[in-house]
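Please read the points below alongside the coordinates.

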Amino acid sequence: RQCIKHAVLGPDRVTSVAFHPDKNMVAAACGRDLYFWDIGSDELPKKVLETTIGFLCLYFHPNGNWLLTCEVRSLGTGSSGGAGAALSHTPHFCIRLRDLSNELRPFSSLDPQQPYTDLLPMVLVYSESGTCISPCGSFLAVCLPPLAGEEQEERHVLSAHDIATGGQQPDPSHRNAAHAMDVDGEGAETLFPVAYKHGYIAIISLSRKSFAKVLCTAPIPKAAKITCIRFSASCRYLLVGYGGRDMRPVTSGRLRRGLELYRFVQQGAKTATAHSLHLVRDLTMSNDVLNAAEWQPALGGTILYGTDTGRTVSLTFMRGVERVLDEP
């Protein structure tokens, strides 16, 4: 237990750090500033970027060429109700994918002719664990806000561009166009990715063949705050943790607590949608407020999470007496 490197980045809070997958380099967000630190040399951390407000979290993509940042887009100060209502401070976050080989410029398309824009201009994030790149690098899991306005009809979101522009009107011919097999092997109707009116979880492709395509979505329950979302090592499962670490208002009722496990299923090529999310474990009755959670791939099918009361809980999903890697 020996400290081999240390540095002072500035007077502000360090909100996130990330190791580069291939180099002896660390990215660190301190207040509004982003630093790169070559820990294999005697150089000090180098400031490489300054944003308007600040960062919440950083992730290097497994390819080593991209840096995903969740940034505060605006402080979102405004009235939480009608006339005379108190002001609520609800920061608005965005997701930016930055090119390390092109001055960290954000991009939403692999076409070099496209303008530099945010990948997702508005996301729902309640903690630094509120978004996740899969270990294989092909998928991004993120929570997205409900539809704007008072629309009751759900809309299709086939790409990140659709998310930014409010989605597409559903085509009635699509509703029964696709059928898939659920986890038990029985037939189940599969719809095109939908922007649900109370918010939703979206799996977005980061692969080059289908970059920024929305692969599938799942609804977020009303009065729920997702504090952590994590892919398993095989990318076959998605852990979703509920809680609440701030005083932001919710719609109504008691905050959802505990965790859910989804199976991320890839369908056959003949179906209209190649992926889907199936809920396989509902542990929201545990009454735990999750602050952070991670998979433990070395043990197989094991989840470790921490709560707001200081408890650390380990859950191991077993079949008989044999642990099956990554199988809840």
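1. The model is predicted. Its largest nonpolar core has 32 residues, and I95, L120 and L140 touch the most other members. Elements giving two or more residues to this core include β5 (55-60), β9 (92-99), β11 (120-123), β13 (139-144) and α1 (160-165). The largest share, four residues, is that of β6. In soluble globular proteins, nonpolar side chains tend to be buried together.

2. Beyond the neighbours within four places in sequence, I95 is in contact with residues including L68, T69, C70, L120, V123, L140 and V142. Two of these partners, L120 and L140, are named with I95 as touching the most other members of the core.

3. F139 is buried because its relative accessibility is 13%, under the 20% limit. F264 is also buried, with a relative accessible area of 8%.

4. Seven aromatic pairs are counted. In one of them, the ring centres of F36 and F60 are 6.2 Å apart and the planes meet at 40 degrees, so the pair is tilted. Because F36 belongs to strand β3 and F60 to strand β5, this pair ties together parts 24 residues apart in sequence. Both F36 and F60 are buried.

5. F139 and F264 form an edge-to-face pair, with 4.9 Å from centre to centre and 85 degrees between the planes. Since F139 lies in strand β13 and F264 in strand β22, the pair ties together parts that are 125 residues apart in sequence. Elsewhere, W66, F107 and F211 form one aromatic cluster.

6. Strands β21 (residues 237-242) and β22 (residues 258-266) run antiparallel and are joined by six bridges. Y242 has G258 of β22 as its bridge partner.

7. Is D33 buried or exposed? This residue, in strand β3 (residues 33-38), is buried because its relative accessible area is 15%, under the 20% limit. The side chains of D33 and K47 are joined by a polar contact of 3.3 Å. Leaving aside neighbours within four places in sequence, the contacts of D33 are A28, K47, L49, E50 and F55.

Note on methods:
Residues are numbered from 1 along each chain as its sequence is written. This is a predicted model: local features need pLDDT of at least 70, side-chain atom pairs count only at pLDDT 80 or more; totals for chains, interfaces and linings use all residues. Side-chain values use heavy atoms; hydrogens and water are left out. Buried means under 20% relative accessible area, exposed over 50%, partly exposed in between (1.4 Å probe, protein chains only). A polar contact is a pair of N or O atoms within 3.5 Å; within protein, one must be able to donate a hydrogen and the other to accept it, and residues adjacent in sequence count only if both atoms are side-chain atoms. Contact means heavy atoms within 4.5 Å. A nonpolar core is a set of buried Ala, Val, Leu, Ile, Met, Phe, Trp, Tyr and Cys residues joined through side-chain atoms within 4.5 Å. Two strands pair if DSSP finds at least two bridges between them. Rings of Phe, Tyr and Trp (its six-membered ring) pair if their centres lie within 6.5 Å; planes under 30 degrees apart count as stacked, over 60 as edge-to-face and the rest as tilted.
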